[in-house]
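Please look through the sequence and the structure below before reading on.

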Amino acid sequence: NSSANFVRPLPNMVPNVLALYLLFALLPKTDSFTSAFSNINSMRSASSRESSRLGQSTFTESSAAPTDEITGIGMIKRKAKVLKEPKLWEYNFGLQDHKIALPHGIQERTTPPETYAVSEEDVQVLERDGVVLLKGVFDKEWVQYMREATAKQTEEPHFWSFAGTASKLYDYIQRNIWQTNKAFANFYYHSAVGDVLRQMGRCDEIRISTDLLMVNPNKGFKWHQDNQNGPIIPEEGLRFWITMDSTPADYGSPVYLTGSHNNDVVSSEAVFVDIEMEGLEEWKDRKQNFQVGPGDMLIWHPKTIHKIDGPSDGIWDTYRRVLGGTAAKSGSLYHDKTGSGGVLSDLGRHGLQDGEKLDSPFFPKIYPTFEMEEAKARDEGVVGRNPKDIISKLGGLAGSSAGNRFYSFFQVLGSNTKHPGT
């Protein structure tokens, strides 16, 4: 209809995307408003839903095709996108609970979190190289659980995925997925992810500072460092990936400059990194490619420089599904990043002030165990993004300095190659 045509943004136009982001954030979340979108949402055709169904449309019996490690079913590649961009009326608001059963007989909000032993050697590799790959942390049951949760999420996309998806950066991307999707919150509460991270960080408490569900990076990302780590500084955090698929042989796998977290020439606010810049001579040729598989966990220091190459034509005909984010180690403080690009990963009205201890349901504790009161706050919708906070924090991005930060971000986009490790 005409209103749908009006609000659809042009691809890669940040002002349009941010304006729409604010527009929908400010719309009243009344029962009639939600009901109207629910009625429109229910009109989606069965064929449209089927075409976006993860884990089913991808795999087809074939003895000559590659075999998926988890399902054991052959995969037939086809040069067509496996996941279509959602229509405007397909987006959902509020909390989502798809009633996905936890593996291993785990009882929701009752069973203690699982554990996983990490070797001292792996911890030392992370400290030395700034990145480490842990193979097979999560078994087939956990991978299937996350795949099902991802499938349901992409079939019923949440509005908080709108900016990243409409800009075509990813086939689907949503920040703080744990806040709106109960299945991912339960994963943090009950899996061994917290135990792994506390060992890698040599600490006795782990909180989730921010997270992302990411499906297929269409453009790839050139050499960069991560600055969307929530309200913490690099020394307080650990970046992580939990992978649900094997990456293709010639693109999609991350490449890191090992040891580059020790550099002192790249600003903490920078995203794009020119690896030929003065001061990076020691690390620019230390490229390490990580071929990840289902159930693996990749962990790195927030300042470790890395890149990801997308397919040369921007079309993913297989899946690369990742749950990633930043964990806050014990002792982390709240750092107000209003006025910097880092504020985009801290848009909730939690009431914390600069310099206070990072202790809030908005940054849930997952080790040594989750806190029931924090989980209750999430389930009741207390935890989430606030329109007033979005306006006040994004308002601080006005001006030339903010433009330079966004320019640094857009320099990162568009790493497309079929030559891994370069």
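The model shown here is a predicted one. The protein has 13 helices and 11 strands, and buried residues make up 57% of its 422 residues. Of the contacts in the protein with a separation of 6 or more, 84% are between residues 24 or more positions apart. The protein exposes about 17,500 Å², and carbon and sulfur atoms supply 53% of that area.

- Helix 9, which spans residues 182–190, is mostly covered, since 9 of its 9 residues are buried; among them are K182, F184, N186 and Y188.
- Helix 6, made of residues 140–155, has an axis that comes within 10 Å of the axis of helix 9, and the two cross at roughly 155 degrees. An angle over 145 degrees counts as roughly antiparallel, and helix 6 and helix 9 are therefore roughly antiparallel to each other.
- Where these two helices meet, helix 6 contributes W142, Y145, M146, A149 and T150, while helix 9 contributes A183, F184, N186, F187 and H190.
- Helix 11, residues 372–379, also packs with helix 9, at an angle of about 170 degrees and with the axes 11 Å apart. That angle makes helix 9 roughly antiparallel to helix 11.
- The residues of helix 9 that meet helix 11 are K182, A185 and Y189, and their counterparts in helix 11 are A375, R378 and D379.
- In an α-helix, which has 3.6 residues a turn, residues three or four places apart point the same way.

**Strand 3 and its partners**

- Strand 3, residues 206–217, runs antiparallel to strand 2 and is joined to it by 5 bridges. Strand 3 is mostly covered, with 12 of its 12 residues buried, and strand 2, residues 170–175, is likewise mostly covered, with 6 of its 6 residues buried.

- An open sheet is formed by 4 strands in the order 4-9-6-7, with antiparallel pairing. Its edge strands, each of which pairs on one side only, are strand 4 (221–224) and strand 7 (287–289).
- On average, neighbouring strands of this sheet are turned by 15 degrees against each other, with direction ignored.
- Within the sheet, strand 6 (residues 254–257) and strand 9 (residues 306–308) form an antiparallel pair over 3 bridges, and H306 in strand 9 is the bridge partner of Y256.
- Strands of a sheet pair through backbone hydrogen bonds, and such pairing can be either parallel or antiparallel.

**Two residues to look up in the model**

- Q288 lies in strand 7, and its relative accessibility of 32% means that Q288 counts as partly exposed.
- The C-alpha atoms of Q288 and V255 are separated by 5.4 Å, although these two residues are 33 residues apart along the chain. Leaving aside neighbours within four places in sequence, Q288 is in contact with P254, V255, Y256 and T258.
- T243 is found in strand 5, which covers residues 237–243, and T243 is buried, with a relative accessible area of 1%.
- The side chain of T243 reaches the backbone oxygen of G293 at 2.5 Å. When residues up to four places away in sequence are not counted, T243 touches V292, G293, P294, G295, D296, R321 and V322.

Notes: Residues are numbered from 1 along each chain as its sequence is written. This is a predicted model: local features need pLDDT of at least 70, side-chain atom pairs count only at pLDDT 80 or more; totals for chains, interfaces and linings use all residues. Side-chain values use heavy atoms; hydrogens and water are left out. Two strands pair if DSSP finds at least two bridges between them. Axes are lines fitted to C-alpha atoms, for helices over the stretch in contact, and angles run from 0 to 180 degrees between N-to-C directions. Buried means under 20% relative accessible area, exposed over 50%, partly exposed in between (1.4 Å probe, protein chains only). Contact means heavy atoms within 4.5 Å. Accessible areas come from the Shrake-Rupley method with a 1.4 Å probe; for residues, only the protein chains shown count as cover. Angles under 35 degrees count as roughly parallel, over 145 as roughly antiparallel, 65 to 115 as roughly perpendicular and the rest as oblique. A polar contact is a pair of N or O atoms within 3.5 Å; within protein, one must be able to donate a hydrogen and the other to accept it, and residues adjacent in sequence count only if both atoms are side-chain atoms.
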